[in-house]
Amino acid sequence: MKLAEFNQAEPELAQQTIAHCVAIPEWQQLLVAARPFTTLTALQQKAEQLMQRWQLPELQQALNAHPRIGQAPQGKSREAVLSGREQSAMQQADDEQQRAMRAGNQAYEARFGRLFLIRATGRSAAQMLAELQRRLHNSDESELQETLVQLREITLLRLKESIQ
């Protein structure tokens, strides 16, 4: 969608346009309410400003829409299609890397109580696996902050693809 169309769309349509960016309805509503935006930069800056509020409750809400890294997304929603495309490097990984990612996912979930989240776009399977193994050593607080950074990056990438 073009920025002008987003600015002029009914609030429900505007929210639907960005719903796949992150499963945090409050963020979607606040971004839609902040329209109109004069430039894409202004839209992205407001989106980032609203993201700075995110903490554990918002992360948990967003993770409900994310598949495990290396696991095929479920359903045909726009979010599922994007997740599959973003994780394509992991889907093409060899058997050893896929086994290591499954084991790493289990260890991460046991350690932190939530899914491992990483901006997969632009990363190879080996890079994602190395990041997972590194982050297993983070403290709870540092891992929360690192995961929120990843969620913000994913959201911004999706927003840039959605509104041009």
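## A charge over a ring

Let's start with an arginine: the charged end of R35 sits over the ring of F6, 5.7 Å from its centre. That label applies when NZ of Lys or CZ of Arg is within 6 Å of the ring centre and within 35 degrees of the ring normal.

Some ground rules before going on. This is a predicted model, where local features need pLDDT of at least 70 and side-chain atom pairs count only at pLDDT 80 or more, while totals for chains, interfaces and linings use all residues. Residues are numbered from 1 along each chain as its sequence is written, and side-chain values use heavy atoms, with hydrogens and water left out.

## Aromatic pairs

Searching the whole structure turns up 3 aromatic pairs. Y108 and F112 make one of them: their ring centres are 4.8 Å apart and their planes are at 45°, so this pair is tilted. (Rings of Phe, Tyr and Trp, the last by its six-membered ring, pair if their centres lie within 6.5 Å; planes under 30 degrees apart are stacked, over 60 edge-to-face, and the rest tilted.) Y108 and F112 both belong to helix 8 (residues 95-112) and sit 4 residues apart, about one turn of the helix. Helices here are DSSP runs (H or I, at least four residues), numbered from the N terminus.

Y108 also pairs with F116; here the centres are 5.3 Å apart and the planes are at 70°, so the arrangement is edge-to-face. Put together, ring pairs link Y108, F112 and F116 into a cluster. Buried means under 20% relative accessible area, exposed means over 50%, and partly exposed is in between (1.4 Å probe, protein chains only).

## Salt bridges

Side chains of opposite charge can pair when their charged atoms come close. The whole structure has 7 salt bridges, each being a side-chain nitrogen of Lys or Arg within 4 Å of a carboxyl oxygen of Asp or Glu. R119 and E153 form one, with their closest N and O atoms 2.7 Å apart. R119 is in the loop between helix 8 and helix 9 (125-135), and E153 is in helix 10 (residues 140-162), so this pair ties together parts that are 34 residues apart in sequence. E153 is partly exposed, at 28% relative accessible area.

Then there's a group around helix 9. R134 and E131 meet in a salt bridge (2.7 Å, N to O); both lie in helix 9, 3 residues apart, about one turn of the helix. R134 is partly exposed at 36% relative accessibility. E146 and R135 also meet in a salt bridge (4.0 Å, N to O), and this pair links distant parts of the chain, with E146 in helix 10 and R135 in helix 9, 11 residues apart. Both E146 and R135 are buried. Salt bridges join E131, R134, R135, E143 and E146 in a network.

## A helix crossing

Helix 10 also meets helix 5 (residues 56-63): their axes come within 11 Å and cross at roughly 50°. That makes helix 5 oblique to helix 10. Axes are lines fitted to C-alpha atoms, for helices over the stretch in contact, and angles run from 0 to 180 degrees between N-to-C directions. Under 35 degrees is roughly parallel, over 145 roughly antiparallel, 65 to 115 roughly perpendicular, and the rest oblique.

Terms used: Helices (H or I, at least four residues) and strands (E, at least two) are DSSP runs, numbered from the N terminus.
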